[in-house]
Amino acid sequence: MRFAEQFLFAAQSLRAARVRTLLILLAVAIGTAGVVLLVWLGESGRRYVADQFAALGTNLVIVLPGRTETKGGAPPLLGETARDLTLDDALALQRSDAVRRVAPIVAGSITVTRGNRAREATVLGSTADLLPVRRFELAAGTFLPRGDPRRAGAECVLGRTLQRELFAGAGALGEWVRLGDRRFRVTGILASTGRSLGTDLDEAVVIPVAAAQALFDTEGLFRVLIEATDRGAVPRACRDVERILRQRREGELDVTVITQEAVLATFDGILRTLTFAIAGIAAISLVVAGILIMNVMVIAVAQRRTEVGLLKALGAAPDSIRSLFLWEALLLAVVGAGAGITIAEATSRIAAAFVPALGAGTPGWAAVAAFATALAIGIAFGTAPAARAARLDPVLALARR
Amino acid sequence: MIELQGVQRVFRVGDQEVHALRDVDLSIARGEYLSLMGPSGSGKSTLLHVLGLLDRPTAGRYRLLGRDVGELDDRALARTRRQCIGFVFQSFHLVPRLTTAQNVALPLLLAEVPRAERQQRVREALAAFGLGHRADHRPDELSGGQRQRAAIARATISRPQLLLADEPTGNLDRSAGQEIVRELERLHDDGLTLVVVTHDPDLGRRAHRRLRMDDGRIVADVREAGAGDAVR
């Protein structure tokens, strides 16, 4: 029997059992759509995180005090950090021609008061370069003034929420607030950017780095943010940073230099693994659909015993019978998977219209993978019933009842 | 054309052996018209199945058209059935979801006859059996006689040499039955070898050669000019 004829014959018998066929198609479609949609969600999440990192600048190099290394023995306990990372260290880094800007950061938490209102806030002590390095935006006023970073100026820039809560809608620019025992004048308001890598900027206050050092009575920096001149200069910037700091600390490098890209790659890897895991779970529903296909095929073979017997009597070889039933399973899988992929694509587009961060369009590889899985499952679960049909004894199948 | 020597067919039912055929020797020449009668369980259906290659003898030799059937594999058996043998069943066995034309076309489909030729031959066959106007109807829209005629059209469309009919009139009323008998005999007149299993003595008497079976053995083998000639 020719392939085309087998195909038509199988299609016709599926059409004859309309309700059953539609139900199976639905099961396969839901399974496939589930896989594709979950992969799409995972991918969208990954892309969202990647975009967040990109927004911070892909040519960012971060220097942390202390060295994290894999060493034998007990993990380092408190006080392992030999030396603080100082403001002078940070400023020395500007000597490298691969470095465009350096923003030292002292971080802490303190109560900000204005009149009888008080709010707990995150303090970021830094320089004017923090604005471009972290790509912050101002809603009003000006950022920290340029000038000698060692000067403990009394300017401060408030986060959006902090400003609203302290000033209750009244103008804040030029007003004074108190941080601990020091007074600062509000020169600017940060635009609302939401959370950025764990820090809610809306509830932060930015002050000059030297002022923060005095406020928290510390020489040590929380970290130093460095913007390389361009993306390609990042490795050179890293090398320069390590060289300069090594020179400044008698040859010992007790800081950790990480790049934005390394962090991004780590997150990327984690999220990708997560996406695969979710897709794997969704694939279970495809297997369930496969079992349904097998179920239906077994029933179909039982119901069509006489037809199989007849075909054998008419001279169909066992191979032909097997192919006929395999075609049916395959058709169910292919049409179901096609429908599922279409549903997933449409759903993603509709959802993306409402939540642009999701990104329209399901990943092509997910559709291909889901389709291939559905196909494999159709063959895998169609084989046993088809073989059963091929083995059927025509005499018994045609016996009068 | 057909030669059986010492053919046995033993079924196992539980731990009992049932001898459906015991030492059957039979030879059938090309163009014979043969009836096979006997009580239920006498082995006549089993013999028909063996003749039609649907069942294999447990022992003995079966030569069909000069070839030893025992040496053929499943594929070759299927091909022989397709090319040389037509079946007609008591309960017609038309595929309910297919139209009359599609049912009749099935053997050609299996034989990979090209579509155009297939359609042509199906049209001719339907016309020959008076079913031209029923081509696109499904079996449940046909009368019993029409169904059996469709089944005969299907059994003969690949021009077999041997036509095996198992109680072909068993499910039909008298006039439809007679009509079917006429169709079968017309095919025999055209040179087809015809073997009819029946309970109906009137039908059995029409054959030129009458076999009677009992308990798996052929107990009578009578040749005479059948009534089939007299009627026409």
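In the predicted model, strand β2 (residues 99-114) of chain A pairs with β6(A) in the antiparallel sense, the two being joined over 2 bridges. Within this pairing, A:Val112 stands opposite A:Leu179 of β6(A). On its other pairing, β6(A) runs antiparallel to strand β7 (residues 182-190) of chain A over 4 bridges, and here A:Val177 has A:Phe184 of β7(A) as its bridge partner. The strands β6(A) and β7(A) form a hairpin with 2 residues between them, and A:Gly180, which lies in the turn, has a positive phi of about 60 degrees. In a regular strand the side chains alternate between the two faces of the sheet. Strand β6 (residues 176-179) of chain A has a covered face, made up of A:Val177 and A:Leu179, and an uncovered one, made up of A:Trp176 and A:Arg178.

Elsewhere in chain A, A:Pro149 is placed in the loop between β4 (138-141) and β5 (155-158). When neighbours within four places in sequence are left aside, A:Pro149 is in contact with A:Leu87, A:Leu91, A:Thr127, A:Val209 and A:Ala210. The C-alpha atom of A:Pro149 is separated by 39 Å from that of A:Ala357, a residue 208 places away along the chain.

Helix α9 (residues 305-313) of chain A is largely enclosed by the rest of the structure, because 8 of its 9 residues are buried. Among these buried residues of α9(A) are A:Thr306, A:Glu307, A:Lys312 and A:Ala313. The helix α9(A) is followed by A:Gly315, whose phi is positive, near 105 degrees.

The backbone oxygen of A:Gly315 is reached, at 2.8 Å, by the side chain of B:Arg82, a residue that lies in helix α2 (residues 74-84) of chain B. Although B:Arg82 is buried, it has no salt bridge, and the nearest side chain of opposite charge, that of B:Glu112, is 7.0 Å away. Apart from its neighbours within four places in sequence, B:Arg82 is in contact with A:Leu314 and A:Gly315 of chain A, and with B:Pro107, B:Leu110, B:Ala111 and B:Ser158 of chain B.

In chain B, 6 strands form an open sheet with mixed pairing, in the order β6-β7-β8-β3-β9-β10. At the edges stand β6 (85-88) and β10 (217-223) of chain B, each with a single partner strand, so one side of each is left without a neighbour in the sheet. Neighbouring strands of this sheet are turned against each other by 15 degrees on average, direction ignored. Strand β3 (residues 33-37) of chain B runs parallel to strand β9 (residues 209-214) of chain B, to which 4 bridges join it, and B:Ser35 stands opposite B:Arg210 in β9(B). Helix α1(B) packs on this sheet, touching β3, β6, β7 (162-166), β8 (193-197) and β9 of chain B, and its direction makes about 155 degrees with that of β7(B). Helix α2(B) also packs on the sheet, where it touches β6 and β7 of chain B and makes about 75 degrees with the direction of β6(B).

An open sheet of 4 strands, with antiparallel pairing, has the order β2-β1-β4-β5 in chain B. Its edge strands are β2 (16-28) and β5 (67-68) of chain B, each of which pairs on one side only. Strand β4 (residues 59-64) of chain B pairs with β5(B) in the antiparallel sense over 2 bridges, and the bridge partner of B:Arg63 in β5(B) is B:Asp68. Helix α1 (residues 44-51) of chain B packs on this sheet as well, touching β1 (2-13), β2 and β4 of chain B, with its direction at about 60 degrees to that of β2(B).

How values were computed:
Residues are numbered from 1 along each chain as its sequence is written. Chains are lettered from A and ligands numbered from 1 in the order in which they are written. This is a predicted model: local features need pLDDT of at least 70, side-chain atom pairs count only at pLDDT 80 or more; totals for chains, interfaces and linings use all residues. Side-chain values use heavy atoms; hydrogens and water are left out. Two strands pair if DSSP finds at least two bridges between them. Contact means heavy atoms within 4.5 Å. Axes are lines fitted to C-alpha atoms, for helices over the stretch in contact, and angles run from 0 to 180 degrees between N-to-C directions. Buried means under 20% relative accessible area, exposed over 50%, partly exposed in between (1.4 Å probe, protein chains only). Lys and Arg count as positive and Asp and Glu as negative; His and the chain ends are not counted. A salt bridge is a side-chain nitrogen of Lys or Arg within 4 Å of a carboxyl oxygen of Asp or Glu. A polar contact is a pair of N or O atoms within 3.5 Å; within protein, one must be able to donate a hydrogen and the other to accept it, and residues adjacent in sequence count only if both atoms are side-chain atoms.
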